[in-house]
Amino acid sequence: MVSAPFLVSAPGKVILFGEHAAVYGKPAIAAALSLRTFLLTSNNAAEFSDVVTLEFPDVELQYSWKIDSLPWNAVPKRSIDTVRPPSELNNGLMEAIGQDLVADLSPLQRSAAVAFLYLYLCLCSPDMPGMTFSVRSTLPIGAGLGSSASVSVCLAAALCLLSGEVSPPEKKEDSDSDFNAADYASIELIDAWAFLGERCIHGTPSGIDNAVASHGGAVMFQRMSKGNPNVRETMRNFPPLKLILIDSRQPRRTAVQVAYVAMLLQKHPLVTEPILDGIHALTSEAYKLLQMPKEKCDDAWEEQLRELVRVNHGLLVALGVSHPKLEAIKMATDELEIGETKLTGAGGGGCAITLVKKDVEESRIFELKQRLEGHGFAVYETSLGGFGAGCLFPTKSNAAEWEEWEEKLFSLHHMLGLGDREHIQQTVGVGSIEGWAFW
Ligand SMILES: Nc1ncnc2c1ncn2[C@@H]1O[C@H](COP(=O)(O)OP(=O)(O)O)[C@@H](O)[C@H]1O
Ligand SMILES: C[C@@](O)(CCOP(=O)(O)O)CC(=O)O
Ligand SMILES: [Mg+2]
């Protein structure tokens with residue numbers, strides 16, 4: 001069991017193939033992003049020792065609850081012989097959280113607050129001290145890069161650490177080395193709790209986003225039904241793909257997009273099922289290609305991968321989850337013959353990825369960026385396949401900084417004038433400062 005203050009962090013993700021179909025038990029391929037979410041857990045001052053507080057400045061949310069007014073009685077009893085939480089939300093607890101505890105919040109804020117309350121009530125106890133949970137992210141929110149899962153993983157990790165369900169990770173040299181069984185068990189547990197957070201945020205997640213946000217790297221993921229364990233194949237020799245990530249800046253919510261596909265499937269099963277099967281088939285082909293030894297990754301290999309990107313986008317358009325702005329991005333990359341483009345994540349807005357052709361001159365990529373930025377789109381430079389969830393504790397060498405971080409980086413009050421989210425990555429970011437350890 002650890003005590004505050006401490007930081008946890010988890011990455012966003014890019015789905016390369018298979019979004020939406022993943023919700024229906026088809027395989028999907030995704031990789032962790034270098035853009036991440038950070039959560040600071042700190043102890044409240046004495047006068048606020050009876051409240052638990054959320055500070056989520058990215059969604060302009062600040063909310064406190066009196067700890068003893070929370071519905072502790074509605075928390076389901078955990079079976080003593082199962083460590084992992086069930087994969088379904090408990091209806092009684094969801095009803096007890098209901099609308100009253102999160103009144104006046106926008107849907108964007110409410111889903112995050114409900115995810116927090118659900119995990120807090122399940123993992124903590126009324127006798128814990130008053131604490132503040134402050135979230136900041138370098139990820140765009142609601143843009144298909146798994147911000148919800150990275151927040152859910154951060155919440156699950158912090159609350160599991162506080163309750164003693166997991167211990168801080170051993171320090172490792174890099175993500176692939178030094179397998180540690182205790183850390184593996186811990187991150188599996190964090191992943192399972194984070195899945196429930198994702199359920200609170202968008203109803204029927206496949207689990208791929210929280211799997212990548214907790215474990216990091218690149219994975220092939222397949223959700224299994226009837227209590228069978230999900231498939232999660234780590235793709236170790238993931239080839240270095242040249243990708244451009246473009247945010248249409250069109251806001252949308254995953255919950256709405258996923259519900260739309262569910263409606264289509266119910267209304268036109270004979271039409272929709274073959275589309276999902278087509279996505280399944282192309283993801284399986286892409287998986288084989290991405291597993292090829294390096295010497296076989298030639299021009300023909302690259303072309304096949306790009307073709308699959310194009311087909312995947314076409315099938316997502318058929319499912320009705322594109323958006324005119326995503327089509328404008330695709331058209332620009334097609335016109336400049338940069339490569340093949342698909343939407344990534346739930347679509348309806350948010351991000352697209354372009355798999356760039358090998359021989360494209362930098363000047364054309366520059367032109368593309370200018371054109372896209374001219375339309376108000378954001379072009380992200382990021383790398384794929386990094387670390388999963390990790391944590392950072394105060395040490396002798398960083399003790400002086402903690403107070404400043406709490407005040408200047410994570411507080412809603414101080415943050416409002418600050419603007420630049422990249423500041424957080426430079427100040428406490430993974431890779432920017434020493435001391436992070438990953439499960
Ligand atoms: N930085 C953040 N602070 C607070 N809540 C966040 C943050 N990022 C994401 N969320 C939560 O995740 C939701 C967005 O998730 P979603 O619609 O799945 O989009 P995506 O995961 O593609 O970004 C928000 O409504 C909010 O509840
Ligand atoms: C549409 C879906 O396949 C991915 C959603 O990702 P995001 O929330 O848009 O980042 C849903 C899921 O797999 O849970
Ligand atoms: Mg999401």
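**Close-up views of a predicted model**

**View 1. Strand E5 and its two partners.** Strand E2 (residues 28-43) runs antiparallel to E5, and the two pair over seven bridges. (Strands pair if DSSP finds at least two bridges between them; strands, E, of at least two residues and helices, H or I, of at least four are DSSP runs, numbered from the N terminus.) Look for leucine 39, which sits opposite valine 135 in E5. Strand E3 (residues 51-56) joins E5 in the parallel sense, over three bridges, and here threonine 53 stands opposite threonine 132.

**View 2. E5 under cover.** Seven of the seven residues of E5 (residues 131-137) are buried, meaning under 20% relative accessible area, while exposed means over 50% and partly exposed is in between (1.4 Å probe, protein chains only). Met131, Phe133, Val135 and Ser137 are covered on one side, and Thr132, Ser134 and Arg136 on the other.

**View 3. Glutamate 381 in its loop.** This residue, glutamate 381, belongs to the loop between strand E11 (378-380) and strand E12 (390-392). Glutamate 381 is exposed, because its relative accessible area is 62%. Isoleucine 244 is 137 residues away from glutamate 381 in sequence, yet their C-alpha atoms are 7.0 Å apart in space.

**View 4. Glutamate 403 on helix H11.** You'll find glutamate 403 in helix H11 (residues 399-409). With a relative accessible area of 63%, glutamate 403 counts as exposed.

**About the numbers.** The model is predicted, so local features need pLDDT of at least 70 and side-chain atom pairs count only at pLDDT 80 or more, while totals for chains, interfaces and linings use all residues. Residues are numbered from 1 along each chain as its sequence is written, chains are lettered from A and ligands numbered from 1 in the order in which they are written, and side-chain values use heavy atoms, leaving out hydrogens and water.
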